[in-house]
Amino acid sequence: MFLRKRSLFVSIGQLFSERTCSQVASQSSKPESKIKIQNGPGLSHFLKNNPSKRREKIFPAVVDTHAYISPDQISGEGKKVMLVTFGCQMNVNDMEIVRGLLVQNGYSETTVESEADAILIMTCSIRDGAEEKIWNRLKHLKKSQRRPRTIAVLGCMAERVKSTLLTAPGDLCQVVAGPDSYRDLPRLLALSRSGTKAMNVQLSFEETYADVSPVRVDADSKSAFVSIMRGCDNMCTYCIVPFTRGRERSRPIDSIVDEVRRLRDEGVKQITLLGQNVNSYRDTSESSISLGVDSKMVDGFSTVYGQKSGGRSFATLLDNVSRVDDEMRIRFTSPHPKDFPTEVITLIKERKNICNQIHLPAQSGDDKVLEAMGRGYSRETYLSLVSHIKNVIPDVCLTSDFIAGFCGETEEAHQNTLNLIREVDYSFCFVFPYSMREGTRAHRRLVDDVPEEIKMKRHEELASVFREVTLRRNLSRIGETELVLVEGRSKRSANAVSGRSDGGIVVIIEERDKKIHAGDYVVAKITGGTSQTMIGEYISHSSIREYDNLR
Ligand code: SAH
Ligand code: SF4
Ligand code: F3S
């Protein structure tokens with residue numbers, strides 16, 4: 001089945017590279033020169049009116065040139081895999097897809113390293129440190145190896161580093177599979193069993209794994225992630241994601257709603273919709289395109305690719321998904337500020353099961369830095385979106401991502417970011433020291449000129465200001481009530497459970513006489529807190545509808 005599907009693949013490398021590439025580069029362990037390396041897309045490929053977008057003219061049909069592998073060889077019957085995940089939530093969900101595909105192929109899973117015939121590592125490339133961790137893990141696995149086994153590197157680092165993973169000294173890895181080639185994994189693993197190193201880093205315009213049922217690690221968990229779109233067309237200058245994940249593409253609404261229904265039937269109480277640009281979602285599948293509904297960009301925001309139109313928008317998807325069960329909470333991550341039209345904000349306000357938490361990654365509070373980052377908005381535009389959101393949803397919890405020490409960031413620019421954090425009054429922030437990534441626009445055009453110790457100092461300052469803000473916010477809730485969806489036992493206290501408020505803040509509730517289970521909605525009165533959690537006293541069990549009626 002995957003062979004048929006693969007013939008649809010068109011690689012972004014193929015699309016845009018002047019070199020010709022094979023669809024899959026597989027290699028016998030000896031002649032390293034036979035590995036064919038694909039280049040990723042450049043900025044011009046994301047720009048408006050780019051002639052190379054006329055893909056039917058340029059892209060030849062992909063031909064499978066590989067040695068024949070029999071179905072018996074491909075089967076994973078009797079073989080065990082160990083799955084290890086690094087990186088973002090998309091990676092966690094991708095590993096669920098990989099698990100689903102391997103189980104379909106007869107593999108079973110083990111968590112015992114010495115039992116595994118193959119160890120598959122899902123990787124991240126976002127910062128240098130993320131890749132460093134993977135190299136260390138590969139070396140450690142090599143040292144601990146007691147019998148022949150395959151090490152496969154999947155995900156973003158596979159896509160970025162490609163054949164270097166196969167040719168690195170020490171024979172650290174035998175299979176490399178990029179984010180769009182997981183259907184090919186059974187074949188790649190079979191090739192490695194027959195002594196051939198194998199790689200597929202083909203990116204695709206279509207692959208969304210819409211028909212693959214992800215298999216969750218913890219099937220009893222009351223929270224699940226549903227991937228709704230893949231890739232990113234934004235090309236922020238610092239970011240490697242467009243190169244590792246390829247072009248934006250969305251999964252058809254119907255397949256998403258079906259998956260959400262199936263999860264509801266399995267007892268799931270909270271769905272998080274996932275995508276690198278989750279709110280840029282546009283279902284342009286045949287069933288939707290005729291509807292001609294435009295996705296609207298917020299006024300004042302811009303992109304390198306212009307306005308996209310047609311298809312069913314994120315608002316329509318959110319509407320459909322939230323109607324599946326009004327007692328199931330809906331969250332989404334990670335969005336981009338440019339795609340928050342009023343209809344999405346109003347829907348969040350009106351639909352009680354869509355959580356009042358919006359991740360609005362700002363990255364910086366300084367206009368010059370925002371410009372250099374290619375974010376497509378100014379501080380003022382961002383703040384006017386914030387005030388619009390707060391006007392519509394007064395109790396909204398806003399969260400953000402920030403980068404410390406980007407190219408050309410002055411002390412004044414850094415201060416502008418610190419005061420943006422105070423001004424917006426975020427309920428949580430993720431802060432990262434800037435890490436220059438080879439191949440990004442910043443790498444080609446800008447200078448990584450903020451010294452490492454200054455980056456670290458600014459990173460620390462961003463973290464301490466956001467902690468100050470979030471501590472004040474959490475303590476200001478003392479005496480108020482929150483509807484908490486319980487996730488499980490608290491790791492901090494034997495007699496307590498832990499869950500999340502509607503705004504996404506962790507709430508620890510002591511369990512007294514009343515038994516509280518994962519998946520229960522409970523009303524808690526807030527009695528204390530830290531910068532990252534609130535402490536609550538159990539009041540009663542409840543539901544979204546009942547709690548809303550009480551207020
Ligand atoms: N698509 C999402 C998430 C992208 S990655 C978004 O735009 O919000 C998550 C975060 O990693 C980014 O928001 C950014 O803050 C950070 N990041 C990305 N590239 C980085 C780099 N080169 N160095 C440091 N942080 C980076
Ligand atoms: Fe990276 Fe920007 Fe895309 Fe986010 S929106 S994945 S930061 S390029
Ligand atoms: Fe990392 Fe790729 Fe996610 S680079 S953050 S695993 S999209």
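## Strands, cores and a ligand site in a predicted model

Strand β16 (residues 397-404) pairs with β17 in the parallel sense, and six bridges connect the two. The model described here is predicted. Within this pair, F402 has V431 of β17 standing opposite. Both strands belong to an open sheet of three strands, which are ordered β15-β16-β17 and pair in parallel. At the edges lie β15 (357-359) and β17 (428-433), each of which pairs on one side only. Direction ignored, neighbouring strands of this sheet are turned against each other by 15° on average. In a regular strand, side chains alternate between the two faces of the sheet.

The chain as a whole contains 20 helices and 22 strands. Of its 551 residues, 57% count as buried. Where contacts join residues at least 6 apart in sequence, 75% of them link residues at least 24 apart.

**Antiparallel strands**

Strand β18 (residues 481-489) is antiparallel to β19, and four bridges join them. Here R489 stands opposite V497 of β19, and a hairpin of six residues leads from β18 to β19. Strand β19 also pairs with β20 (residues 506-510), again in the antiparallel sense, over five bridges. In that pairing S498 has I508 of β20 as its bridge partner. The hairpin of β19 and β20 has five residues between the strands, and G504 in this hairpin takes a positive phi near 95°. Strand β19 (residues 496-500) is largely enclosed by the rest of the structure, because four of its five residues are buried.

**Nonpolar cores**

In soluble globular proteins, nonpolar side chains tend to be buried together. The largest nonpolar core in this model has 58 residues, and those touching the most other members are I228, I271, L273, F314, L318 and Y426. Leaving aside residues up to four places away in sequence, I228 touches S250, R251, I256, L273, L274, V278, Y281, F314 and L317. A second, separate core holds 26 residues, including M122, L154, L189 and A198.

Residue V92 lies in helix α5 (residues 89-104). The C-alpha atoms of V92 and M122 are separated by 8.2 Å, although the two residues are 30 apart along the chain. V92 has a relative accessible area of 28%, so it is partly exposed.

Around ligand 2 stand C232, N234, M235, C236, Y238, C239, V241, P242, N277, H336 and R375. Sorted by class, this shell comprises seven nonpolar, three polar and one charged residues.

**Backbone geometry in the loops**

Most residues other than glycine have a negative phi, and most peptide bonds are trans.

Is K162 buried or exposed? The cut-off for buried is under 20% relative accessible area. K162 has a relative accessibility of 9%, so it counts as buried.

The peptide bond from T333 to S334 is cis, with omega near 0°. S334 is located in the loop between β14 (329-333) and α14 (342-350).

Notes:
Residues are numbered from 1 along each chain as its sequence is written. Chains are lettered from A and ligands numbered from 1 in the order in which they are written. This is a predicted model: local features need pLDDT of at least 70, side-chain atom pairs count only at pLDDT 80 or more; totals for chains, interfaces and linings use all residues. Side-chain values use heavy atoms; hydrogens and water are left out. A nonpolar core is a set of buried Ala, Val, Leu, Ile, Met, Phe, Trp, Tyr and Cys residues joined through side-chain atoms within 4.5 Å. Buried means under 20% relative accessible area, exposed over 50%, partly exposed in between (1.4 Å probe, protein chains only). Contact means heavy atoms within 4.5 Å. A residue is near a molecule or strand if one of its heavy atoms lies within 4 Å of it. Ala, Val, Leu, Ile, Met, Phe, Trp, Tyr, Cys and Pro count as nonpolar, Asp, Glu, Lys and Arg as charged, and the others, Gly among them, as polar. Two strands pair if DSSP finds at least two bridges between them. Axes are lines fitted to C-alpha atoms, for helices over the stretch in contact, and angles run from 0 to 180 degrees between N-to-C directions.
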